[in-house]
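Subject: Structure for your review

Dear colleague,

Please find the structure below, followed by an account of what was found in it. I would be grateful if you would read the two side by side.

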Amino acid sequence: MIRHLYLHVPFCRRRCSYCDFDIAVRRSVPAADFVAAVRAELDWRRADGLDVSRPLETVYFGGGTPSLLPPEALAELFEIVCSRWALAPGAEVTLEANPEDVDREAARVWRAAGVNRVSLGVQSFDDEVLAWMRRPHRSDAPARAVAHLREAGIENVSLDLIFALPPHLTRNWSRDLDHAIGLGPDHLSLYGLSIEPGTPLARWIARGEVARAGEERYAADYLAAHEALAAAGFEFYELSNAARAARFSRHNAAYWLGEAYLGLGPAAHAFVAGERSWNVPAWEAYRRAVHAGHTPVADRERLDETRARLEATYLGLRTANGLPVAAIGEDRAVAWCERGWALRRGERVTLTAQGWLVLDALVLDLTRHGGRA
C-alpha cells in the first residue's frame, strides 16, 4: 500500500560542481509542460492498477530544484496529487528549496497549497565556498529565507550542509555550524562531499587542480558536527540527519524502514511489494513517453532474500534504531561497544558517531561472516 509519494522536479539553473543528479538545466522552467507530464504519468499509473486506497502520510517535492517552479504550478501539482489520494491527518508535505527562491509571496502560496516542511539547500555560509560549489545564492540568503518561511507559517525547516571540503578553501566548518544552529532550524542534514564521476569536481581532481579533503578531515568534521548539534539539543536519528523536538523527516524515515513509496517524474524511484523501479532519467524522454501513453519506467528489479537482508542490515545500522543483538551476535556486539563503535540498549545495538564513520566496514564484516561472531 502506497503511503509515501515523491515527486522529482528535475530543473536547475545550473549544475553544482559536485552534482551528478539527473537534472535538466534550463534558463526558463517549462512549468506547464511539467505539470501536464506528471498528470499524464498519474493517469497511466491509475490505468496500470495503482492502488490509491490508503491516505498519503508524506509527500516530498525533491529535485533538482522544486522551488524553481512558479508557486502556482507547485500548488497545481499538489492539487493533482490530492485529487487522486486522500491525505492522512497531519501528513508531512516537504518542499526542497534553494534559499534565493524563497520570498514572502512564494512562501505564502506554498503554505496555502499545503506545504508544511521546507528543506533549504544551504550547503555553506561562506561566499567563497558557495561560488566554488556553483551555488546560486549568497551567504545572507538563508536567514531571509527562514524568516519568510516562518512568517508564512512554515515552522518545520531543515537545512542542508556539506562538509569535508578541499583544504584550499579553508572553510570554517565550526562557524558554518554555528550559523546554521543560530537560524533555529528543526532539522539538519549533513553530507560529506563525494567525488562523483563526470562532475566538474571529478575533472578538477583528475587534473590535479583540487585536492581531496582526506579521511582525517572527513572524520574531524563529522565528529565536530555531532558535538555541536548535541550541545544545541539535536539528536542524530540517522547517519546524516539530526533533529530536535521530534521533527525527524517522516518521508526519509520511510525509506530507511523499507516502507512502500511511489516516485513520479523523470528519474524518480519507487519501491512497492519488494520491487524497486525507476523512471527514465531525461526530462524530454520522460515527457514524450507519458504524453504518448507509454510507460515512463526505465527498469525494475526484485530484491531476492539475500539482497533484502543486506539492505535491512545496512539501513538498520545507519539509523538510531539499530539492530537486535541477535542479528549481530553477542561477541560482535560486545566488541563493537568496547571499541566505541556502538551502544547497547537492552537487546538492541545502535552505532555511535565513531561507528557510523566505519559503517561500510561493519556491514561488510557482518555479511562476510554472518550475523553471529
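Phe163, Trp173, Tyr218, Tyr222 and Phe236 make up one aromatic cluster. Here rings of Phe, Tyr and Trp (its six-membered ring) pair if their centres lie within 6.5 Å; planes under 30 degrees apart count as stacked, over 60 as edge-to-face and the rest as tilted.

Please note that this is a predicted model, in which local features need pLDDT of at least 70 and side-chain atom pairs count only at pLDDT 80 or more, while totals for chains, interfaces and linings use all residues. Residues are numbered from 1 along each chain as its sequence is written, and side-chain values use heavy atoms, with hydrogens and water left out.

Aromatic pairs

Across the whole structure, the search finds 15 aromatic pairs. Phe11 and Phe34 form one that is edge-to-face, at 5.6 Å centre to centre with 80° between the planes. This pair links distant parts of the chain, since Phe11 lies in strand β2 (residues 11-12) and Phe34 in helix α1, 23 residues apart. Helices (H or I, at least four residues) and strands (E, at least two) are DSSP runs, numbered from the N terminus. Phe11 counts as buried at 1% relative accessibility, and Phe34 is buried with a relative accessible area of 0%. Buried means under 20% relative accessible area, exposed over 50%, and partly exposed in between (1.4 Å probe, protein chains only).

Cysteines

The whole structure has zero disulfides, a disulfide being a pair of cysteine sulfur atoms within 2.5 Å. For Cys19, the nearest cysteine sulfur is that of Cys16, 6.1 Å away. Cys19 counts as buried because its relative accessibility is 11%, whereas Cys82, at 33%, counts as partly exposed.

The β12-β13 hairpin

β12 and β13 form a hairpin with two residues between them, and Ala273 in the turn has a positive phi of about 55°. The strands run antiparallel and are joined by four bridges; two strands pair if DSSP finds at least two bridges between them. Val272 stands opposite Glu275 in β13.

Lining of the second largest pocket

Seven nonpolar, two polar and six charged residues line the second largest pocket. In this scheme Ala, Val, Leu, Ile, Met, Phe, Trp, Tyr, Cys and Pro count as nonpolar, Asp, Glu, Lys and Arg as charged, and the others, Gly among them, as polar.

Yours sincerely
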